[in-house]
Amino acid sequence: MEQRADQIVKTMKTKGLRVTPQRFAVYANLLERKDHPTAEQILQDLNQEAPRSSQATVYSSLQALCQVNLVKAVLLEEGVCRYDANINRHHHFRCKCCGKIEDIPWEQLPEMTFEQLRPGLQVEGYEVTVHGICDRCEE
Ligand SMILES: [Zn+2]
Ligand SMILES: [Zn+2]
């Protein structure tokens, strides 16, 4: 999912988002990684190069990016909000040992039907979280 800087800016503008250095840095960071980081992890990563990001700006950048659907917040553990720049439909695998979260392509799992649900429940979407142990932890 690597994108060049001008493409990233273009994507943000297409969504009607005002491009600020902070928003750009947060979005570019998220596009580079696939590990579904928390806001704190993004902040740490950004400040490795030049310590100038604050927690507040990272949070507000994430909020802005989520609002225009460039970034999705994923809640796979209680109380922990992680972020994902992969906004295509996909599922997740979560390793219970290392906590690593990996994307599962949508087509790899059978499509679900919701006919069994009680009447009155309107389904708008779903995604599956598969729990288990990843190959690196099993060794
Ligand atoms: Zn693992
Ligand atoms: Zn994901």
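The questions below go from the whole chain to single residues.

User: How should I read the numbering, and what kind of model is this?

Analyst: Residues count from 1 along each chain as its sequence is written, and chains are lettered from A and ligands numbered from 1 in the order in which they are written. Local features need pLDDT of at least 70, side-chain atom pairs count only at pLDDT 80 or more, and totals for chains, interfaces and linings use all residues, for this is a predicted model.

User: How many helices and strands does the protein chain have, and in what order do the elements run?

Analyst: Helices (H or I, at least four residues) and strands (E, at least two) are DSSP runs, numbered from the N terminus. The protein chain has 5 helices and 5 strands. From the N terminus on, the order is α-α-α-α-β-β-β-β-β-α.

User: What share of the protein chain is buried?

Analyst: A residue is buried if 20 or more other C-beta atoms lie within 10 Å of its own, exposed if 12 or fewer, and partly exposed in between; C-beta atoms are placed from the backbone. The protein chain has 139 residues. The C-alpha trace spans about 50 × 40 × 30 Å along its principal axes. The buried share is 17%.

User: How many of the residues of α1 are buried?

Analyst: Helix α1 has 10 residues and is hardly covered. Just after α1, Gly16 takes a positive phi of about 80°. The buried count in α1 is 1.

User: Why does the end-to-end distance of α2 agree with its number of residues, and what is that distance?

Analyst: Helix α2 covers residues 21-32, which is 12 residues. The expected span is 1.5 Å times one less than the number of residues. That gives 16 Å, and the end C-alpha atoms of α2 agree, for they are 16 Å apart.

User: Which elements do the buried residues of α2 pack against?

Analyst: Start with the buried residues of α2: Arg23, Ala25, Val26, Tyr27, Asn29 and Leu30. Contact here means that the C-beta atoms of two residues, placed from the backbone, lie within 7 Å. The partners are α1 (5-14), α3 (39-49), α4 (55-67) and β2 (80-84).

User: How are α2 and α4 oriented to each other?

Analyst: Axes are lines fitted to C-alpha atoms, for helices over the stretch in contact, and angles run from 0 to 180 degrees between N-to-C directions. The angle between α2 and α4 is about 75°, and their axes are 9 Å apart. Angles under 35 degrees count as roughly parallel, over 145 as roughly antiparallel, 65 to 115 as roughly perpendicular and the rest as oblique. So α2 and α4 are roughly perpendicular.

User: Which residues of α3 meet α2?

Analyst: The helices α2 and α3 pack at about 105°, with axes 10 Å apart. They are therefore roughly perpendicular to each other. From α2 come Ala25, Val26, Asn29 and Leu30; from α3 come Ile42, Asp45 and Leu46.

User: Which residue in the turn between β1 and β2 has a positive phi?

Analyst: Two strands pair if DSSP finds at least two bridges between them. Strand β1 (residues 72-77) pairs with β2 over 4 bridges, in the antiparallel sense. Ala73 stands opposite Tyr83 in β2. The two strands form a hairpin with 2 residues between them, and the residue with a positive phi of about 80° is Gly79.

User: Which strands stand at the edges of the open sheet of 3 strands?

Analyst: The order is β4-β3-β5, with mixed pairing. Each edge strand has a single partner, so one side of each is left without a neighbour in the sheet. The edges are β4 (101-105) and β5 (129-132).

User: Which residue in β4 stands opposite His91?

Analyst: Strand β3 (residues 90-95) runs antiparallel to β4, joined by 5 bridges. His91 stands opposite Ile104.

User: Is Trp106 buried, exposed or partly exposed, and which residues does it contact beyond four places in sequence?

Analyst: Trp106 is found in the loop between β4 and β5. Trp106 has 13 C-beta neighbours inside 10 Å, so it counts as partly exposed. Leaving aside neighbours within four places in sequence, Trp106 contacts Arg89, His90 and His91.
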